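Let's take a walk through a protein together. Have a look at the sequence and the model, and then we'll go through them piece by piece.

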Amino acid sequence: MRVVSGIQTTGNLHLGNYLGAIRQWVAMQDTQEKNGGECLFFLADLHALTSNVTPQELANSTIEMAATLLAAGIDDRAILFNQSRVPAHSELCWILQGTARMGWLNRMTQWKDKAGKNREGASVGLFTYPVLQAADILVYRATHVPVGEDQKQHLELARDVATKFNTDFGVDLFPLPEPLISKAAPRIMSLRDGGAKMSKSDPSDMSRINLIDDDDTIAAKIRKSKSDADLLPDSFDALAGRPEAKNLVTIYAALAEREPQAVIEEFAGQGFGAFKPALADLAVSVLAPVRDRLKRLLDDRSAVGAQLARGAERAQALAAPTLKAAQQAVGLQV
Ligand code: TYM
């Protein structure tokens with residue numbers, strides 16, 4: 001079993017990333033320790049180039065996100081690095097650009113959302129983004145990829161690329177990577193709009209809880225989050241049609257590591273005036289220790305940078321044989 005996943009280095013890590021992906025990453029380290037195999041987690045700084053990030057923001061965000069991952073519990077059992085330090089990702093990406101089809105990329109919902117109506121003006125990088133993501137995964141011959149639900153389509157594309165490459169070149173090089181999607185928090189929604197996912201790119205900071213937020217900010221964001229005037233029912237299924245209420249109960253259950261049905265039974269018959277303060281207390285109790293560790297790590301950014309450099313060396317060593325095999329399969333003289 002080889003586990004690989006990444007996070008784009010723009011803005012701050014938020015509760016959606018934490019509950020949807022990072023907590024799974026931390027848990028995978030234990031599983032891997034028992035079962036053997038490697039966990040590779042990386043900061044997708046090359047992917048960040050496809051967004052409107054300034055050089056300074058990109059440099060800061062890479063270190064800050066790495067520190068956040070360490071604060072959340074990623075440790076030396078995993079290989080933590082930034083993508084751009086391992087050139088094999090970009091090299092395999094170029095080879096896989098010959099395998100991926102325009103039609104596949106045209107169907108990607110993230111491309112459609114981000115390019116909007118101005119496709120002619122969108123960058124080529126935004127279009128080929130999922131091919132780099134496929135290379136990130138395939139260059140390690142990953143078997144499992146822990147991600148939130150929004151990445152499912154990109155994972156399917158990686159599987160299509162792997163299958164076509166293996167078939168076209170008559171090799172058995174790339175295993176088909178399985179997405180591991182969190183059951184508790186596949187898709188955490190915005191605190192301002194139950195129809196939109198919690199996202200780094202939402203212009204409203206009130207829409208998300210950042211892992212760097214202080215206790216008062218966390219509590220204020222939950223207090224002001226969109227909800228409704230109805231009481232909570234005694235069944236989680238009865239929240240269908242109440243997206244904001246469902247999201248807040250889902251967040252509670254994920255933070256408490258309890259079943260949503262057990263949470264709803266506890267609060268049945270109560271309104272959000274009672275539920276929100278309980279959620280705020282819970283969120284603070286889970287997130288404050290992560291934030292405190294993060295602040296200490298940010299006091300020594302160069303140590304975080306050094307840790308990423310060490311991780312990159314380990315990652316490059318694992319990527320090199322696959323890259324070489326892919327180069328040879330297509331006939332490159334390497
Ligand atoms: P990114 O940076 O948008 O998100 C990082 C991880 O957090 C998950 N996530 C969420 N989960 C639940 N609810 C949410 N609201 C939410 N928002 C984000 C994402 O699903 C993801 O698992 N393209 C990727 C980064 C990437 C990658 C890869 C991932 C690059 N190469 C290779 C896996 C394998 C991205 O932008 O994730």
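Let's start with the ligand and the residues around it. Sorted by class, that shell holds 10 nonpolar residues, 11 polar ones and four charged ones. Keep in mind that this is a predicted model. In total, 25 residues surround the ligand, and the closest are Gly 16, Gly 20, Ala 21, Val 147 and Gly 148.

Which element gives the most to the shell around the ligand? That's strand E1, with five residues. You can find E1 at residues 2-8.

Now go to residues 9-17. An unreviewed UniProt entry lists this stretch as a short sequence motif, the 'HIGH' region. In the model, its end C-alpha atoms lie 12 Å apart. The span is 33% helix and 0% strand.

Next, let's move on to a pair of helices. Find helix H9 (residues 215-223) and helix H12 (residues 272-298): their axes come within 9 Å and cross at roughly 145 degrees. The crossing is right-handed. On the H9 side, the contact is made by Asp 215, Ile 218, Ala 219, Ile 222 and Arg 223. H12 brings Lys 276, Leu 279, Ala 280, Ala 283, Val 284, Leu 287 and Ala 288. What classes of residue does this contact have? Between H9 and H12 there are nine nonpolar residues, three charged ones and no polar ones.

Definitions and conventions
Residues numbered from 1 in each chain as written. Predicted model: local features only at pLDDT ≥ 70, side-chain atom pairs only at ≥ 80, totals over all residues. UniProt positions renumbered as here; feature names shortened; annotations may be inferred. Helix = DSSP H or I, 4+ residues; strand = E, 2+ residues; numbered from the N terminus. Near = placed C-beta within 6 Å. Nonpolar A, V, L, I, M, F, W, Y, C, P; charged D, E, K, R; others polar. Axes fitted to C-alpha atoms, helices over the stretch in contact; angles between N-to-C directions. Left-handed = near helix turned anticlockwise from the far one by under 90°. Contact = placed C-beta atoms within 7 Å.
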